[in-house]
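User: Please take a close look at one part of this model, the interface between the two chains. What does each side contribute, and which contacts cross it?

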Amino acid sequence: MLITVIVLAIYALVIIFDYLPYAKSWTPGDKAVYWVTLLIGFGVLFLVSLDVKLPNPTDGITALVALIFPNLG
Amino acid sequence: MKKEKLTARQTITLLTMFFFGSTGVLGVNTDVGQDSWLAFLMAAAIAFPFMLMYSRLCRLYPDKSFFELAESLLGKVGGKIVVALLTWYCLHLCSLVMRNFSEYIQVCTMPETPQLPVMLFMMLGVVYLVKSGVETMGKWSVLMLPLIVAVVILTVLFALNRMDFSRLLPIARHDLGSMANSAYYSVMFPYLEIIVFVCAFSGSSETEKPYKPYIAAFFVATALMLTITLRDTMILGAHVLDALNFPSYVAVKIIQIGEVISRIEGSISMNYILSGIAKCSVCLLAAAKGIAYLFGLREHKQFLFPLGLLVVALSTIVFDNLIQMFEFIQVYNVYSVPFSIIIPVLIWILAEFKHRKESKAQTPANTQA
């Protein structure tokens, strides 16, 4: 629970101090990249803070490498 | 807006800290036991031509970033694909380094503390450093590297009574194949990760002669890591070294001189955090520049905070546990080949051809004039 609160607090602070003061001068492209990265990160961290098990990218990379070098997989 | 540049001295210090980064925490490959230091020297010899290659790339096109160079050589589509791949590599490496350090902190110093807050606060420092600019990163590294070197030297001096030189014997006991295999690990991690540094800082160097800073950093980092490897082997011995996850921490932990000097492992934790911040900041800067280049954004500093938090998010899910983190090293040595060998060598070869063509085109024009 505390971790979730920390995650929410940090994202709130980022939006208040990093986005709101400067966003007026940004292009729509700047804002789009900002929000996409923010939302993806927030989604993952929020779920991790609630102990939700998420897919592991390392398993995918290991499977890909195992296709070429089966003894490594 | 004045383009921020690194001086030669700042390049040396920052690149040295980048090399030292997670290698200080995880140590070099110890498959060949007491010959690990020899295998590491082999790795340095193998990696040296790559340093020359990167220096040459920076010399050929000093005002172009690596991403701009990739697009000019491979075309718009090919260039964007290469930039996307390298951006992913920088992001992934940043998350791997972040996870290495949070695991180290949890295992060695704060076992009751969850890793997520540690990562979040470490990333806040990294983002602040990168947002402060290239020159600030360079000046910070000039201040921090002497501290790191001083701690390494002090730990060696204090550990002299614990070192047993016979633990290095017999020298060169392992066959060349085993040594080469161990050396390959050290070539891929950390030497060839320099591609990330080049992505972050190519086109940002004050000096038009990049050979000196790159090679100087290479030798300083090699000397540092070799010193640590020898220290750990002589204190712990080959078998214990191989069994430990974080051998340097344990080696320094047992240092004791009388009743006065003991429990100095906190000093090397400080070393690792500093070099970890340096490595993460270089990776984050390279990833931010890659994303800005991919989407045609004016400025990469705008989305450093969300990108940093994305890296933290990635680092929480990248491994299930500590064992998987160490097992991934084998896979990493294959996975990183396209990013750290194939793409840079391809870019270098194409850059040489293009430069030669441009030089020949200029020569007849000069003759006519």
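**The A–B interface**

Chain A has a mean pLDDT of 89, and 97% of its residues reach 70 or more. pLDDT is the predictor's confidence in each residue, from 0 to 100. Within chain A, confidence is lowest in helix α3 (residues 57-68), at a mean of 89. It is highest in helix α2 (residues 28-49) of chain A, at 93.

This is a predicted model: local features need pLDDT of at least 70, side-chain atom pairs count only at pLDDT 80 or more, and totals for chains, interfaces and linings use all residues. Residues are numbered from 1 along each chain as its sequence is written, chains are lettered from A and ligands numbered from 1 in the order in which they are written, and side-chain values use heavy atoms, with hydrogens and water left out.

Chain B first. It holds 14 helices and two strands. Both are DSSP runs, numbered from the N terminus: helices are H or I with at least four residues, strands E with at least two. The C-alpha trace of chain B spans about 80 × 45 × 35 Å along its principal axes.

Now the interface. Chain B supplies 32 residues and chain A 33 residues, where contact means heavy atoms within 4.5 Å. Together the two chains bury about 2,800 Å², with 76% of it on carbon and sulfur atoms. Buried area is the accessible area (1.4 Å probe) that two parts lose on being put together, summed over both.

Three salt bridges link chain B and chain A. A salt bridge is a side-chain nitrogen of Lys or Arg within 4 Å of a carboxyl oxygen of Asp or Glu. One pairs A:Asp30 with B:Arg298, whose closest N and O atoms are 3.2 Å apart. Over all chains, the whole structure has ten salt bridges. The A:Asp30 end lies in helix α2 of chain A, and B:Arg298 sits in the loop between α11 (265-294) and α12 of chain B.

Eight residue pairs are in polar contact across the interface, both residues at pLDDT 80 or more. A polar contact is a pair of N or O atoms within 3.5 Å; within protein, one must be able to donate a hydrogen and the other to accept it, and residues adjacent in sequence count only if both atoms are side-chain atoms.

On the chain B side, α3 (66-109), α4 (115-132), α12 (304-317) and α13 (322-335) each give two or more residues. α12(B) gives the most, with ten residues.
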